[in-house]
Amino acid sequence: MHQKELRIALVCYGGVSLAVYMHGVTKELWKTLQASRTFWAGDSAPGGTTAVYLKLLRRLEQAGNLRLRVLCDIVAGASAGGINSIFLAQAIHSGQSLEPLTQLWLEVADVDELLDPEARPWSAHTKFWAQPLVSYLLRRPGNAVSASVAPETRQEVREKLSRLIRSRWFEPPFSGIGFSRLLYRALSSMAETSGPGLLPQRHPIDLFVTATDFKGHLETLRLHSPELVLESEHRLTFGFRARSGAAELAALPELVMAARSTASFPGAFPPLQLEEIDLLVSENAIEWPGRDAFLKRIMPEHVARGDLDSVSLIDGSVLVNAPFADAMRVLRSRPATREIDRRFVYIDPAPDRVGADLRRDKRPPGFFTTIFGSLSSIPREQPIRDNLEALEEESREMATLRAIVLALRPEIEETVSSLFGHTLFLDRPNPKRLAAWRARAQQAAFDQAGFAYHGYVQVKFTGVVTMLARLVHEAAPSLGVSSAAPIMERLYSHLSDHGIDRMQPLRGGTSPGMAAFFRLHDITFRIRRLRLLARRVTQEWRLDGDVDESQRDAAREAIYGALALYIEAEAVSFLGPDFTELAQGVFEDPGALLDHIANRRGLLQIDTQVDQILAEMLSSMPSGLRKRLLLAYLGYPFYDTVTLPLLRGEGLDEFDPIRVDRISPEDCHAIRQGPMLRGSEFYNFGAFFSRAYRENDYLWGRLHGAERMIELIASALEGEHALDERELDQFRKAAFLAVLDEEQGRLNADPGLVGSLRSEVLRRV
């Protein structure tokens, strides 16, 4: 059985009230992940759309001999999309339910609910003198309500908008602490639900939520002249990482702070200040022992300057509406246990909304249109072309490198075979032999590579020093340097003083000093070697009839058990409580720092453990599988000599191209073509004025999410085994009807909504 993982990195745009639609989409992704977990665990079949996705996964197993696992291990979002991202990541990590977020969007995402009690007009006579003005604004010919709101909802919108306009002026009408309380209540309700997590044990999940630091902080830039300048930086990212099985993704106050910050729409909510979260913690008697460490990690510059109390955070989409960059950055640290089909999926509920409106008007923009557009609309609607082009370029690189490795393989295997002779594969490997064989293969790679090996060693050396400098930079933000570059230069200087110079010739073999340095510190080489071994087991031999899946699974389990020892040692936390103090003194005593890292990691001791694991694994294998693994393992120095310089010193964990999928109303036509969403009315605020609009958009989000989830799953099966469109239509229809059955009793604001959509599904699909 061919095994594959469909790994999703999800990016949720900001979209004001269209976040309700996005929640419907993310709910179907959540249900897809539940189906995948059920499929692999062999649990009893669930109901609703989860059962449809489970049936599709089983169909892929039957049609294409493909056992597919669907994971979502990277989630990023901005503005109201950031709220969806936080709740989804929490549900994936903990196994908790997303239903509390559904209740939040449907019941309290309304202007009447969000109004600050102190800002409400207490009677119809409040600001009575403003009534004529309000009436004129809302009812004059060509007014915004008449122009952008459906006739049947205009009265409701006018009434709520009247209360909003007559609330306090020149201050945000919505309550900041009230919003934080709502978010905390929803997250607390999630915590009362339970279920198995949706990721494999110890698999990482990364969550990124953008905010905007309104006042900004100063960052140091290093130039040629002047040497140092200060620049104001306003971008701020809340980043969270946890491994499946850990107690929590993050403390609830941290998640609330991220959600409240990213969705602080300018003018509607007051900027978030830390005292608001502290008040929430006090009101609910929450324990938050990691408060100081969290703030130091998220806002190190403000902590260092002691001005946390004055920090003001506003909507994340002001500067970063589509946070692809953070999600792309963590791709290099993902574990892999089988073949991977990596997808970047982004939800865009209103593509080109602003541009389309502007282009329809042939007149040049007026004075106020230009000003307000440049200040608000245009920055939020910047395209993601640069991000997608970067992904495409990286995918091309990965494909090229895979082709290079495949092309090198016959020659490298022949070289290794001739180097060790035939007796190697007849003996039972043991730890001592593995260590000796590795050293011999490393020397042979140097001897045969010639001048190319010199460049490889310098790239490798630079990569190790860069890794060490980043560790120091992460552990000691109080150093006050804007990047790891000054730390790298100090480490280079120290190593050069001790005879390890990145520019020295490698006379007669690798310099003894540099060779010792690699043995003590080059953890990334060891990780790359084991990952090649795992990829070889998974990808290269799936068509070989003499190796069954149980043997490959046993090999993978051993390889990843060995790999875990190195990955654990990579983290800053592994280096102990003393490391921060040593990192702060890197400019004065880098030697003590390097000695501490070497002693704490103990790579030579880990090597011995890994040799034992691999020797036991190889000894229990059939001779054909053992030979292939030994050829790959001992041949790795030859592969690395060629590929590492091409990667510019960066190893790749996911060695496959990345594909990008969009989910948008413009891409989903199985039920209807044309306008569907109501939240897009009144400048994308429409759903905040009407529960009927929220129910409509939430339901369409689920339907579109179901349509695209089925297409995503089915796309993992390609070529002659791919399912035909007629069969996929049956899965779509089953999913649509399951959604409508699930929501029949809840969505009642428009009594005809579910029934009319059911008729459309039965008629068109």
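## Aromatic pairs

Rings of Phe, Tyr and Trp (its six-membered ring) pair if their centres lie within 6.5 Å; planes under 30 degrees apart count as stacked, over 60 as edge-to-face and the rest as tilted. By this rule there are 13 aromatic pairs. Phe179 and Phe269 form one that is stacked, at 4.6 Å centre to centre with 20 degrees between the planes. Phe179 belongs to helix α9 (residues 176-191) and Phe269 to the loop between α10 (252-262) and α11 (274-283), so this pair ties together parts 90 residues apart in sequence. Helices are DSSP runs of H or I, at least four residues, and strands are runs of E, at least two, numbered from the N terminus. Phe179 is buried, with a relative accessible area of 9%. Phe269 is also buried, at 9%. Buried means under 20% relative accessible area, exposed over 50%, partly exposed in between (1.4 Å probe, protein chains only).

Phe461 and Phe517 have ring centres 5.4 Å apart and planes at 70 degrees, so their pair is edge-to-face. Phe461 lies in helix α19 and Phe517 in helix α21 (residues 512-521), so the pair ties together parts 56 residues apart in sequence. Phe461 is buried at 1% relative accessibility, and Phe517 is buried at 5%. Ring pairs also link Tyr13, Phe324, Phe344 and Tyr346 into a cluster.

## Basis of the model

This is a predicted model: local features need pLDDT of at least 70, side-chain atom pairs count only at pLDDT 80 or more, and totals for chains, interfaces and linings use all residues. Residues are numbered from 1 along each chain as its sequence is written, and side-chain values use heavy atoms, leaving out hydrogens and water.

## Charges over rings

A charge sits over a ring if NZ of Lys or CZ of Arg is within 6 Å of the ring centre and within 35 degrees of the ring normal. The charged end of Arg67 sits over the ring of Phe39, 4.6 Å from its centre. The charged end of Lys460 sits over the ring of Phe525, at 4.3 Å from the centre.

## Buried polar residues

Asn84 is in helix α3 (residues 80-94). Asn84 is buried, with a relative accessible area of 0%. Its side chain joins that of Trp105 in a polar contact of 3.0 Å. Such a contact is a pair of N or O atoms within 3.5 Å; within protein, one must be able to donate a hydrogen and the other to accept it, and residues adjacent in sequence count only if both atoms are side-chain atoms.

Arg7 is in strand β1 (residues 2-12). Arg7 is buried at 1% relative accessible area. The Arg7 side chain makes a polar contact of 2.7 Å with the side chain of Glu5.
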